[in-house]
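My entries follow the order in which I looked.

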Amino acid sequence: PLPQSLSQPASRPSIDLIIQAADAALPGAITTWILFPREPTGVVTVRRRFAEEWHPNGRSFVRLDQYSGKVLAVENALHASVGRRIENLLYPLHIGRFEGVAWQVLYVLAGLTPGILFLTGWLMRRRKHNSRD
């Protein structure tokens with residue numbers, strides 16, 4: 001479950017303070033987006049990406065109290081469990097964003113294989129039927 005903002009709604013931190021807090025919580029990552037809460041108890045979520053991550057937006061998160069800017073939770077994708085790391089790879093694999101052009105070409109060829117097998121099977125069957133005539 002996500003943490004909740006518990007501070008009093010007196011004021012809100014500036015974007016600069018939010019980014020500074022996220023930088024301190026996950027140094028070495030870049031901020032890819034910031035999600036502001038809609039509810040009074042919601043938190044500010046800062047999504048960050050490390051260079052080692054395959055996900056284009058990163059899968060590391062810093063959650064902050066929307067009123068005080070205090071860090072409530074940190075999720076570092078580089079230190080995630082094995083199950084979470086596998087889950088984090090699903091989207092990059094789905095969109096073909098991983099390990100360079102050679103792998104992407106191989107991925108496209110693997111995707112075309114069922115169609116090629118169907119076509120060659122159909123042609124072989126057609127040739128077999130035509131040779132009987």
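The entries below cover conventions, a helix, salt bridges, a distance and pockets.

**Conventions.** I worked from a predicted model, in which local features need pLDDT of at least 70 and side-chain atom pairs count only at pLDDT 80 or more, while totals for chains, interfaces and linings use all residues. Residues are numbered from 1 along each chain as its sequence is written, and side-chain values use heavy atoms, with hydrogens and water left out.

**Helix 1.** I took helices (H or I, at least four residues) and strands (E, at least two) as DSSP runs, numbered from the N terminus. I called a residue buried under 20% relative accessible area, exposed over 50%, and partly exposed in between (1.4 Å probe, protein chains only). Which residues of helix 1 are buried? In helix 1, residues 15-25, I found Ile18, Ala21 and Ala22 to be buried. These residues lie on the same side of helix 1, because they cover an arc of only 100 degrees around the axis; the arc is that of the directions from the helix axis to the C-beta atoms. Asp16, Gln20 and Ala24 are exposed on the other side of helix 1. I then asked what covers the buried residues of helix 1. The cover includes strand 2 (43-49), strand 3 (60-65) and strand 4 (71-75), where contact means heavy atoms within 4.5 Å.

**Salt bridges.** I counted a salt bridge where a side-chain nitrogen of Lys or Arg is within 4 Å of a carboxyl oxygen of Asp or Glu. How many salt bridges does this rule give? The count comes to three.

I noted Asp23 with Arg48 at 2.9 Å, N to O. Asp23 lies in helix 1 and Arg48 in strand 2, so this pair ties together parts that are 25 residues apart in sequence. Asp23 is partly exposed at 35% relative accessibility, whereas Arg48 is buried at 0%.

I noted Glu75 with Arg84, whose closest N and O atoms are 4.0 Å apart. Glu75 is partly exposed, with a relative accessible area of 27%, and Arg84 is partly exposed at 33%.

I noted Arg84 with Glu87 at 3.5 Å, N to O. Arg84 and Glu87 are three residues apart in helix 2 (residues 82-95), which means that about one helical turn separates them. Glu87 is partly exposed at 43% relative accessibility. Through shared partners, Glu75, Arg84 and Glu87 are joined into one network of salt bridges.

**A distance.** I looked up Gln104, which lies in helix 3 (residues 100-132) and is partly exposed at 33% relative accessible area.

**Pockets.** I used a 1 Å grid over the protein atoms alone, on which a pocket is an open set of points where a 1.4 Å probe fits, with protein on both sides within 12 Å along at least five of seven lines; lining residues have an atom within 4 Å of a point. The largest pocket holds about 200 Å³ of space, a volume being the space filled by probe spheres set on the points. Its lining includes Trp54, His55, Arg59, Arg85 and Asn88. The second largest pocket holds about 150 Å³, and its lining includes Leu2, Phe36, Thr41 and Arg63.
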